[in-house]
Amino acid sequence: MSTLRELKGRIGSVASTGKITSAMKMISSAKMHKAEQGLKKLLPYRSLVQSVISHLLATDGEFTSPLIEERDVRRVGVVVLGSDDGLCGAYNINIFKHLLGIIAAYKQQYGENVDIEIYPVGKKIARASQKIAGGRVSVKVVEGINTRSTTEQISLFTEQLKQGFESGMLDKVDLVYMHFKSMSKQILTCDQLLPVSYTALVDGAAKADNSACLFEPSPNAIFNSVLPLHIKSTMQEVFVENVASENAARVMAMQSASDNANKLLESLRLEYNKLRQQGITTELLDILGGQVEK
C-alpha cells in the first residue's frame, strides 16, 4: 500500500504535468490561430491569381503550357507534409498510413515499375518515410525545407519541383497533407500539383465575365506567366494549412492529456485523504485505548 509521503509526491508530479500540458495547449492554440491568420492573408492573393486565370480561360482561346501537359506517368514525386515536433497525437501516423495507401494506388494505377520519389516535410514524417525507402521508392530530404520554412524557401522548393516536371524527371507531383477545416477537424488530402489540372481551371472559369478585359500581349502569354504563380500560391497555402493542422492536433492531444492528468489527480487526492483519515482514526483509537488502560 502506498504511504502518505509517496502519494503526496505522486500528486505533486501529476499536478505539475497537468500545468505543463495546459501551458503547451495554450502555446499550440496561439500558433494555430497565427496560422489561421496566415491562411486569411493568403486568400486575397490566391483569389486574384484565380480571377486572372478565370478571365483568361473565359476567352475560349487555345492555351498551351508545359505545366498542363499530361503524359504517361513513369516517375511520381510526392510531397508529404508532417511535423517537426511530437506531442501531436496520431497526426504523423495518420499521414504516413495515408501515404502508404497512395503509394499502393500508384502501383495499381501506373504499374509496379513506377518510380516514386518522396519529398518529406518535417522530421517525424521524414523518419517514417525512410522505413519504406528501397526498390522503386526513394526518399529525398530537401535541405532547408521543414514546417518552419520561409516563403522564399517554399518558392525555391516549388521552383525545383516545377523544373523537374518540365525537364521530364517527374511526370506527376502530388501533395499529401492535412487540410485544415477547424480545430477539431482536419482532413487527409492528396492534391495534384503538377501537371496543373486544366479541367479544374476551366470549371473555375465558368462564371467569369471578361467583357471589360483587354489582354496584352496575348491571353496565352499571360496564362503562361500567371500559372507558375498559381502553383506557388497553392504550395504556400498547403504549408500554412499543415502548420495549422499540426497545432490543432497538438491542442487536442494536450487537452486530452490535461483531462487525464486531472482525473488521475482527483483519484490520487481521494486515496490520499482516505489514508490520512485512516491514520488519524488509528491514532485516536490508540489514544483512547491508552486512557482506558489507565
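Author: Start with a term: two strands pair if DSSP finds at least two bridges between them. The model is predicted. In it, Val79 has a bridge partner in strand 2, and that partner is Tyr119.

Reader: In which sense do strand 1 and strand 2 pair?

Author: Strand 1 covers residues 75-81 and strand 2 covers residues 115-121. Gly77 has Glu117 as its bridge partner in strand 2. Seven bridges link the two strands, and the sense is parallel.

Reader: What is the order of the five strands in the open sheet?

Author: Strand 1 is joined to strand 4 by five bridges, and these two run parallel. Strand 4 is joined to strand 5 by nine bridges, and these two run antiparallel. The pairing in the sheet is mixed, and the order is 3-2-1-4-5.

Reader: How many residues lie between strand 4 and strand 5 in their hairpin?

Author: Leu175 stands opposite Asp191 in strand 5. Strand 4 and strand 5 form a hairpin, and the number of residues between them is two.

Reader: How many residues of strand 4 are buried?

Author: The cut-off for buried is under 20% relative accessible area. Strand 1 is mostly covered, with six of its seven residues buried. Strand 4 is mostly covered too: of its 11 residues, the buried number eight.

Reader: What angle does helix 4 make with strand 5?

Author: Helix 4 spans residues 151-166. It lies across strand 1, strand 2, strand 4 and strand 5. Its angle to strand 5 is about 45°.

Reader: Which residues touch the most other members of the largest nonpolar core?

Author: This core has 34 residues. Among its members, those that touch the most others are Val79, Phe157, Leu161 and Phe223.

Reader: Which element supplies the largest share of this core?

Author: Helix 1 (4-57), strand 1, strand 2, helix 4, strand 4, strand 5 and helix 6 (219-293) each give at least two residues. The largest share is eight residues, and its source is helix 6.

Reader: Which residues does Phe157 touch, leaving out those up to four places away in sequence?

Author: Contact here means heavy atoms within 4.5 Å. By that count, Phe157 touches Val79, Tyr119, Val142, Ile145, Met235 and Phe239.

Reader: What angle lies between the planes of Phe63 and Phe223?

Author: The structure holds three aromatic pairs. Phe63 and Phe223 form one that is tilted, at 5.1 Å centre to centre, and the angle between the planes is 55°. Phe63 sits in the loop between helix 1 and strand 1, and Phe223 in helix 6, 160 residues apart. As for accessibility, Phe63 and Phe223 are both buried.

Reader: How far from the ring centre of Phe165 is Arg71?

Author: Here a charged residue meets a ring. Arg71 lies over the face of Phe165, and the distance to the ring centre is 4.2 Å.

Reader: Why does Asp259 count as partly exposed?

Author: Asp259 is in helix 6. Partly exposed runs between the buried limit of 20% and the exposed limit of 50%. Asp259 falls in that class because its relative accessibility is 34%.

Key:
Residues numbered from 1 in each chain as written. Predicted model: local features only at pLDDT ≥ 70, side-chain atom pairs only at ≥ 80, totals over all residues. Heavy atoms only, no water. Helix = DSSP H or I, 4+ residues; strand = E, 2+ residues; numbered from the N terminus. Axes fitted to C-alpha atoms, helices over the stretch in contact; angles between N-to-C directions. Core = buried A, V, L, I, M, F, W, Y, C linked by side-chain atoms within 4.5 Å. Buried < 20%, exposed > 50% of the residue type's maximum accessible area, 1.4 Å probe, protein only. Phe/Tyr/Trp six-rings, centres within 6.5 Å; stacked < 30°, edge-to-face > 60°. Lys NZ or Arg CZ within 6 Å of the ring centre and 35° of its normal.
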